[in-house]
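Colleague: Can you walk me through this one? I'm new to it.
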Amino acid sequence: MKAAIILLPGDGIGPEVTGAARSVLDRVAQMRGHEFSFTTHRIGGCSIDASGVALTKEVLESCARADAVLLGAVGGPKWDNPGAAVRPEQGLLALRKGLGLYANLRPVRPHARLLDASPIKPDHLKGVDLLVLRELTGGLYFGMPRGRDEVDGRLRAFDTMEYYEYEIRRILVLAFRLAGGRRKKVTSVDKANILETSRLWRATAADVARDFPGVTLENMLVDTAAMRLIAQPAGFDVLVTENMFGDILTDEASVLAGSMGLLPSASIGESGPGLYEPIHGSAPDIAGKGIANPVGAILSAALLLRHSLGLEAEAQAVERAVDRAIADGFRTADIRGSGSTEAVTGGVVERITFI
Ligand code: IPM
Ligand code: MG
C-alpha cells in the first residue's frame, strides 16, 4: 500500500527517536512491498525559533492531508520561561485540537524481562496489561474561560474543566469497544464526589455501558485509581478518563513498564490522520548523545501501522521484534543497558520477521 507519513521530530531527543522509528517503517515497507513517503516538518521549540509559533498553519494543513503523523517530542529549557507568550507545548495542543484527536491510547504492558527495571515489586507486575484511554481535546486543558484577572486588588488565575456530553460519550464508546477486544472491563476514572463534569461523566458511562452488555463497567475516583495503579495494577484492563487525569495517571503507569522511554501512544479522531508519539518528553539532558531509548517511538510506529494504515500483521511484527530485541539484551541506559539508540534500533530492525 501507499501511505504519506508526516514526521514531526520536534526538540531534544525527538529527532533521534523519530529517526529510529523511521528506519523500522522503512524496513517494514521494504519487506512487504509498501510505499511509505516521509515529509519532515517543524513543531515545538524549533518551530518557535524558525517562525515565532510552535505550529504553523501550513504544517497543520499538511498534517491534515497526510495518512498519519509521527511525532518525537517538544520543549526544552531554552523555551521554558513560564512567562513566555509562546511555548513549545502549544504546538502539540494545537495539533491535537486541529486534527480532532479526541482519544489518546496509552498501552502499558511490562516486558517479562524488564520486571526488575521497575521500582515496583516484580510480583505486582505479573499479568499487568492495561490500556489508558485519555480524553485529549477537552477537559481542563481546553475549557474556557481561563486566564488571569484582578479581584479586589488581588491577582487571580483560573482554568475551567468543561465537557460536553457528546465528548464524554464518544471516548466512552471507544473504551467499551476496545475493552470488547481485550479482557472486557472498563474502569471509568473521575472525581464524581467533587466535580460536576465528573458526575456527567459517570452518568454517561452508565448509559453507554447499557449498549455493551458483555463488558463490565467499574467507576473509580481518580485518587483511588492513582493508588490502585501501584497497589494492584493487574486489576485494570481499559482505564478511561479526563484529559488532565489521564496525563497524570499515564506518567504514573509508565513506572510499571520500567521506563517512560518504552511507552508509545496513539491519538485518534473520528476520521483523518492519527498522531503517534512516545509518551516521554524531549529529555534535553541526553539530547544529541545517541543514547535515548527508541522503543517508545518504534512502538508508536507499530500503533501507526495498526490504527492508521490497518496493517495489523506489520504492527505485530514490529512489536514482536521489540520484544525479542529486549530479550536479547538490546537495551539503553534507562532500562539498565548500555546500548546506543542506533544499536537498539538495529537490533529491532534485524528481528522483524513475517510468518
Ligand atoms: C503528554 C505531555 C503533554 C501533555 C505536554 C508536553 C503538553 O505531558 O503528552 O502527556 O500534557 O499532554
Ligand atoms: Mg504528560
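Colleague: Which helix gives the most to the shell around ligand 1?
Modeller: Helix α4 (residues 88–98), with three residues. Helices are DSSP runs of H or I with at least four residues, strands are E runs of at least two, and both are numbered from the N terminus. A word on the source: this is a predicted model, where local features need pLDDT of at least 70, side-chain atom pairs count only at pLDDT 80 or more, and totals for chains, interfaces and linings use all residues. Residues are numbered from 1 along each chain as its sequence is written, chains are lettered from A and ligands numbered from 1 in the order in which they are written, and side-chain values use heavy atoms, with hydrogens and water left out.

Colleague: Which residues surround ligand 1?
Modeller: Glu89, Leu92, Arg96, Arg106, Arg134, Tyr141 and Asp247. A residue is near the ligand if one of its heavy atoms lies within 4 Å of it.

Colleague: And how far is a polar side-chain atom of Arg96 from an oxygen atom of ligand 1?
Modeller: 2.7 Å. For Asp247, a side-chain N or O atom is 2.9 Å from a ligand 1 oxygen. The protein buries 77% of the 320 Å² that ligand 1 exposes when taken alone. Those areas come from the Shrake-Rupley method with a 1.4 Å probe; for residues, only the protein chains shown count as cover.

Colleague: Why does ligand 1 lie between domain 1 and domain 2?
Modeller: Because domain 1 (1–115 + 259–355) and domain 2 (119–257) both give residues to its shell. The bounds come from an automatic or database domain assignment.

Colleague: New topic. Is Glu314 buried or exposed?
Modeller: Buried, at 4% relative accessibility. Buried means under 20% relative accessible area, exposed over 50%, and partly exposed in between (1.4 Å probe, protein chains only). Glu314 sits in helix α11 (residues 312–327). Its side chain makes a polar contact with the side chain of Arg32, at 2.9 Å. A polar contact is a pair of N or O atoms within 3.5 Å; within protein, one must be able to donate a hydrogen and the other to accept it, and residues adjacent in sequence count only if both atoms are side-chain atoms.

Colleague: Which peptide bond is cis?
Modeller: The one from Met144 to Pro145, with omega near 5°. Pro145 is in strand β6 (residues 143–151).

Colleague: Where is Asp152?
Modeller: In the loop between β6 and β7 (154–160). Asp152 has a positive phi of about 50°, though it is not a glycine. Asp152 is exposed, at 74% relative accessibility.
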